Amino acid sequence: MSTKTVERDKSVIAAAMFLCVSAAFAAGGAAADQPTSYAPVDIKEDFPTTLKRMEAAKPAIEQRQQKLLEERYDLGDRPAKGVAMSRGKPIQSGVRVRLPQGATWDSLSRMPAQDVRAKGLFPAGFMPLPHPNHPEGGMLFPKFHIEEIKRQEARDLTRFDLDFDLPDAFLPEFPAPIYLTTRPDLGDVSKGRLITIDNYYETFNGVLNPKQLEGLRLLLTPFAQQQFNQTEDRRSVRPSRGVTCFDCHANGHTNGATHLVGDIRPQEFRHRIETPSLRGVNIERLFGSQRGLKTVEDFTGFEQRAAYFDGDPVIATKKGVNILDRGSQVHAMAEFQELLDFPPAPKLDVFGHLERAKATPAELRGETVFFGKGRCSACHQAPYYTDNLMHNLQAERFYEPKLINGMMASADGPIKTFALRGIKDSPPYLHDGRLLTLDDTVEFFNLVLETKLTGQEKQDLVEFLRTL
């Protein structure tokens with residue numbers, strides 16, 4: 001073998017080794033860039049750096065979300081006349097979703113879904129709504145709730161990176177009344193107060209049994225959560241004691257607090273969640289707006305173990321997950337939740353239908369639409385106006401999937417049938433809160449279900465829904 005041949009072979013081998021090493025590095029880099037189901041545990045950035053960086057980014061993030069809301073909705077404060085929530089908060093009136101230029105609600109309702117999609121005419125306000133900062137996500141509370149918890153408990157639910165996005169006028173009244181299935185004679189048991197760990201005992205001692213009192217205490221006890229804990233990757237300025245079940249489900253109802261569903265990956269496909277009311281869980285058989293959990297005990301245990309930490313048990317261990325004992329703690333918490341009743345509906349009879357002598361002509365016409373042409377009762381059956389099932393509206397047939405503020409607006413998937421009893425007390429609507437008023441909700445379902453209601457029929461339907 002000649003010297004030239006040996007040198008040539010050495011060069012070939014060296015080049016091959018270089019390519020193999022390069023490929024290995026490339027493969028390692030590619031692997032590092034692959035999507036992961038897990039949140040980072042070993043944070044390399046210290047807390048002061050994180051705080052400074054995220055506070056600096058906050059104004060631009062909130063401006064982006066505000067711009068989106070103003071493009072989608074008319075956010076003016078225009079209450080409906082002669083109707084209010086149970087404790088008197090005005091209900092916002094009218095369709096607030098903005099129409100695409102040149103479209104009308106009637107013209108849209110006459111178009112086949114494929115034409116609406118092809119022409120890009122599906123109203124932006126009917127599209128899935130992103131979290132105020134979708135790439136970050138996490139629990140986020142309205143300012144009125146934050147201020148009351150600070151006043152009562154000196155516990156701060158403020159996030160340094162983000163504030164709540166929807167105006168207060170489109171949120172449930174605060175604090176919401178509490179009605180008990182066991183003591184309807186008492187009316188609003190809360191006496192107009194937000195029930196917290198500071199006042200629950202004096203309010204409910206003598207009304208609940210000891211097991212139910214213990215369940216309520218646990219529902220009001222703060223436990224560590226993804227954004228509110230003691231670690232360096234928290235989102236509160238000071239180390240936090242955490243959040244309570246009733247920080248979202250205020251007074252067993254809802255304050256409109258938002259979060260991201262923990263079941264989906266990657267991040268951009270996760271759905272925004274608007275907190276559902278706990279009223280009437282005694283008649284419900286599915287829990288969680290899209291999860292389909294089978295019992296309130298499942299739901300209660302799931303929230304602590306998974307929803308609090310975005311469905312990531314690894315990060316939960318780091319931040320202080322609270323494992324509840326199902327046989328005692330979860331059972332007691334569930335027992336209290338099952339006492340929460342719907343608000344009174346004086347115009348309904350024992351079957352959940354309008355008493356003709358008490359209802360207006362518009363309300364009676366709306367009931368006819370509800371149980372007839374509107375097809376609402378196919379899912380929302382009297383007396384509680386739910387069928388306790390999951391349904392897929394397939395609204396994505398009306399629009400092309402697109403990225404919106406870091407969220408991929410694609411298929412919603414199955415959504416549980418929410419009970420409509422007391423619905424006027426629970427804005428905004430749909431699982432992610434994209435529909436600000438009942439008028440918006442009627443327009444959405446008229447389009448998606450292709451029921452082709454007239455303007456008068458839609459108005460009458462809203463009047464009927466307010467009686468529930």
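Reader: What share of the contacts in the protein chain with a separation of 6 or more comes from residues 24 or more positions apart?
Author: In this predicted model, residues 24 or more positions apart account for 70% of the contacts with a separation of 6 or more in the protein chain.

Reader: And how many helices and strands are there in the protein chain?
Author: The secondary structure comes to 14 helices and eight strands, and the C-alpha atoms fill a box of roughly 110 × 55 × 40 Å when this is taken along the principal axes. Of the 468 residues in the protein chain, 53% are buried.

Reader: OK, the core next. Which residues have the most contacts inside the largest nonpolar core?
Author: Those residues are L108, F122, F126, F370, F444, L461 and L465, in a core of 56 residues. At least two residues of this core are supplied by each of α2 (47–72), α3 (105–109), α4 (113–118), α12 (361–370), β7 (407–409), α13 (438–448) and α14 (455–467).

Reader: Which element gives the largest share of this core?
Author: That is α13, from which five residues of the core come.

Reader: What does L461 touch, leaving out residues up to four places away in sequence?
Author: With those left out, L461 touches G366, V369, F370, C376, V442 and L453. There is also a second, separate core, which has 44 residues and includes L208, A224, C245 and C248.

Reader: Back to α13 for a moment, at what angle does α13 cross α14?
Author: The axes of α13 and α14 cross at roughly 125° and come within 10 Å, which means that α13 is oblique to α14. The crossing in which α13 passes α14 is right-handed.

Reader: Which residues meet there, between α13 and α14?
Author: From α13 there are L438, D439, V442, E443 and N446, and these meet K458, L461, V462, L465 and R466 in α14.

Reader: Switching to α7, which of its residues are buried?
Author: In helix α7, which covers residues 210–219, the buried residues are Q212, L213, G215, L216, L218 and L219. They pack against α6 (200–204), α8 (245–248) and α11 (326–337).

Reader: What caps the N-terminal end of α7?
Author: N209 does, with a side-chain oxygen that lies 3.0 Å from the backbone nitrogen of K211.

Reader: Are α7 and α11 roughly parallel or roughly perpendicular to each other?
Author: Their axes cross at roughly 95° and come within 7 Å, and the two helices are therefore roughly perpendicular to each other. In this pair, K211, Q212, G215, L216, L218 and L219 of α7 meet Q329, H331, A332, M333, E335, F336 and Q337 of α11.

Reader: Why does G301 count as buried?
Author: G301 counts as buried because its relative accessible area is 16%, and buried means under 20%.

Reader: Last one, where is T221, and is T221 buried or exposed?
Author: T221 sits in the loop between α7 and α8, and T221 is buried, with a relative accessible area of 15%. A polar atom of the T221 side chain lies 2.6 Å from the backbone oxygen of R217. Not counting residues up to four places away in sequence, T221 touches I197, V243 and T244.

Notes
Residues are numbered from 1 along each chain as its sequence is written. This is a predicted model: local features need pLDDT of at least 70, side-chain atom pairs count only at pLDDT 80 or more; totals for chains, interfaces and linings use all residues. Side-chain values use heavy atoms; hydrogens and water are left out. A nonpolar core is a set of buried Ala, Val, Leu, Ile, Met, Phe, Trp, Tyr and Cys residues joined through side-chain atoms within 4.5 Å. Buried means under 20% relative accessible area, exposed over 50%, partly exposed in between (1.4 Å probe, protein chains only). Helices (H or I, at least four residues) and strands (E, at least two) are DSSP runs, numbered from the N terminus. Contact means heavy atoms within 4.5 Å. A polar contact is a pair of N or O atoms within 3.5 Å; within protein, one must be able to donate a hydrogen and the other to accept it, and residues adjacent in sequence count only if both atoms are side-chain atoms. Axes are lines fitted to C-alpha atoms, for helices over the stretch in contact, and angles run from 0 to 180 degrees between N-to-C directions. Angles under 35 degrees count as roughly parallel, over 145 as roughly antiparallel, 65 to 115 as roughly perpendicular and the rest as oblique. A crossing is left-handed if the near helix is turned anticlockwise from the far one by less than a right angle, and right-handed if clockwise.
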